[in-house]
Amino acid sequence: MPLVPAVEIEISDDERHEVLAEVDRLLRSGRFSQGRNVEAFEEEFAAYTRTASALAVSSGTTALELIFRALGVEGREVVVPAATNFATYIAAERAGATVRLADVDPTTLAPTLEQVRAVCTPRTAAVTVVHTGGLIGPETEAVAAWCEQRGLALVEDCAHAHGSERGGRHAGTFGVAGAFSFFATKVMTTGEGGMVVTGDGRLADEIRLLRNLGKPEVWVSTHTRPGWNARLPEFAAVLGRAQLRRLPEVLEARRAVAVGYADALRGLPVGDFLLPDHSYSGYKAMLMLPPGTDRDALKERLRERSVQAAGEVYAMPLHHQPVLAGRHAGLRLPGAERACAGQLCLPIYPGLDDERQAHVVRALCDSLTELTEEGAR
Ligand SMILES: Cc1ncc(COP(=O)(O)O)c(C=O)c1O
């Protein structure tokens, strides 16, 4: 069997032709920034997520930072789950906040309400939840209600959650705002890029200002805020629009792969496969391995069997990241530590056919059995 790669990015012929035709139109128009593609992409994304406003920006990290800045978290605290991308942390810090790390439940990779409450203080301005791997945490509504009661802003990091919904609500609409990433490996991409969704008109206006150097009028150089350039280019928006049109099909294919894993792995001694009972993006196929499994050794054995495991979400909790050394000294967050150390992410993408998926499952079972037998000797 040829290598089953961790990630496979495929643009169909139809989509390629569609994008090329649109890029040709764009090149002829000469308007490469803040034109009709960005505007249409925003309208279409707002309609898709059923939010009042969507604002296209240069990355998911920037989307988060703009939300935190627009909320005015400077000098206050922002709660961030410890099992997330460094982007979530640095966005809050760059907006002038001090980050408090919350633990997560290793069976969902999301913080519980209890875990959020445990780290909130009178200085807390905002709470962040991350829909890791595309799963909306089961306590998101409870966290949202609690935040609302206390006047705290709930910010959703939706970098993995395009198309993730529960109870008729799309990810990004449970709190005050959601931040999406369109990085190259995400469920939908613009190469680099991001989107803020929000139902709060004031927040949307502020972010619109901040992303364009603080100019109330897009093409007039009068600046009323210390904003910076966080604009999404028209070329990126062309790809984004095509990707959004194809998203339902991609989600269906990814989810079918996830369901395939869940069915194939059910009852096997390989750990717990995380699959929600509501719609999820299928960004990651996450397996919590049996305690004590040496993940690096397992990944090596998988590699010998032509399977490349995908990147974890995440391999290291934030309080162990070298860049934050000393900031959270002595902090123990057992749920996040277990979530990060114990997970394996299996290949998942629309083009992963039944044969290759069956090969991944076989390779996983054989590799784990081999490691267990060696350990018992
Ligand atoms: C959970 C999470 N938040 C934020 C980001 C940042 O997104 P971007 O790479 O578009 O800046 C990522 C990135 O990949 C992510 O995984």
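**A loop histidine and its surroundings**

Guide: Histidine 319 counts as partly exposed because it has 19 C-beta neighbours inside 10 Å, where a residue is called buried if 20 or more other C-beta atoms lie within 10 Å of its own, exposed if 12 or fewer, and partly exposed in between, with C-beta atoms placed from the backbone. The model is a predicted one, in which local features need pLDDT of at least 70 and side-chain atom pairs count only at pLDDT 80 or more, while totals for chains, interfaces and linings use all residues. Residue numbers start from 1 along each chain, as its sequence is written.

Histidine 319 sits in the loop that runs between helix H9 (295-304) and helix H10 (334-342); helices (H or I, at least four residues) and strands (E, at least two) are DSSP runs, numbered from the N terminus. Leaving aside residues up to four places away in sequence, histidine 319 touches Ala82, Leu101, Leu324, His328, Leu331 and Leu333, contact being defined as C-beta atoms, placed from the backbone, that lie within 7 Å. Alanine 83 is 236 residues away from histidine 319 in sequence, yet their C-alpha atoms are 9.1 Å apart in space.

Glutamine 34, which is not a glycine, has a positive phi of about 50° and is placed in the loop between H1 and helix H2 (36-49); with 17 C-beta neighbours inside 10 Å, glutamine 34 counts as partly exposed. Leucine 213, with phi near 55°, belongs to the loop between H7 and H8, and its 16 C-beta neighbours inside 10 Å make leucine 213 partly exposed too. Proline 269, in the loop between helix H8 (234-265) and strand E10 (272-273), counts as exposed because 10 C-beta neighbours lie inside 10 Å. Proline 269 and glutamate 22 are 247 residues apart along the chain, and 50 Å separate their C-alpha atoms.

The domain assignment gives domain 1 (13-242) and domain 2 (247-376), with bounds that come from an automatic or database domain assignment. The centres of the two domains, taken over C-alpha atoms, are 26 Å apart, and the contact draws 28 residues from domain 1 and 32 residues from domain 2. On the side of domain 1 that touches domain 2, helix H4 (86-94) and strand E6 (165-166) are the elements that give two or more residues. That side of domain 1 has 13 nonpolar, ten polar and five charged residues, where Ala, Val, Leu, Ile, Met, Phe, Trp, Tyr, Cys and Pro count as nonpolar, Asp, Glu, Lys and Arg as charged, and the others, Gly among them, as polar.

H4 also packs against H3, at an angle of about 40° and with the axes 8 Å apart; axes are lines fitted to C-alpha atoms, for helices over the stretch in contact, and angles run from 0 to 180 degrees between N-to-C directions. H3 passes H4 in a right-handed crossing, a crossing being left-handed if the near helix is turned anticlockwise from the far one by less than a right angle, and right-handed if clockwise. Gly60, Thr61, Leu64, Glu65 and Phe68 of H3 meet Ala87, Thr88, Ile90, Ala91, Ala92 and Arg94 of H4, a set that divides into six nonpolar, three polar and two charged residues.

H3 (residues 60-71) packs on helix H7 (residues 201-210) as well, at about 120° with axes 9 Å apart. That angle makes H3 oblique to H7, since angles under 35 degrees count as roughly parallel, over 145 as roughly antiparallel, 65 to 115 as roughly perpendicular and the rest as oblique. Leu66, Ile67, Arg69 and Ala70 in H3 meet Leu203, Glu206, Ile207 and Leu210 in H7, giving six nonpolar, no polar and two charged residues.

Finally, helix H1 (residues 13-29) packs on H8 at about 150°, with axes 10 Å apart, which means that H1 is roughly antiparallel to H8. The residues in contact include Glu22 of H1 and Arg246 of H8, and by class the contact has seven nonpolar, no polar and five charged residues.

Notes:
Two residues are in contact if their C-beta atoms, placed from the backbone, lie within 7 Å.
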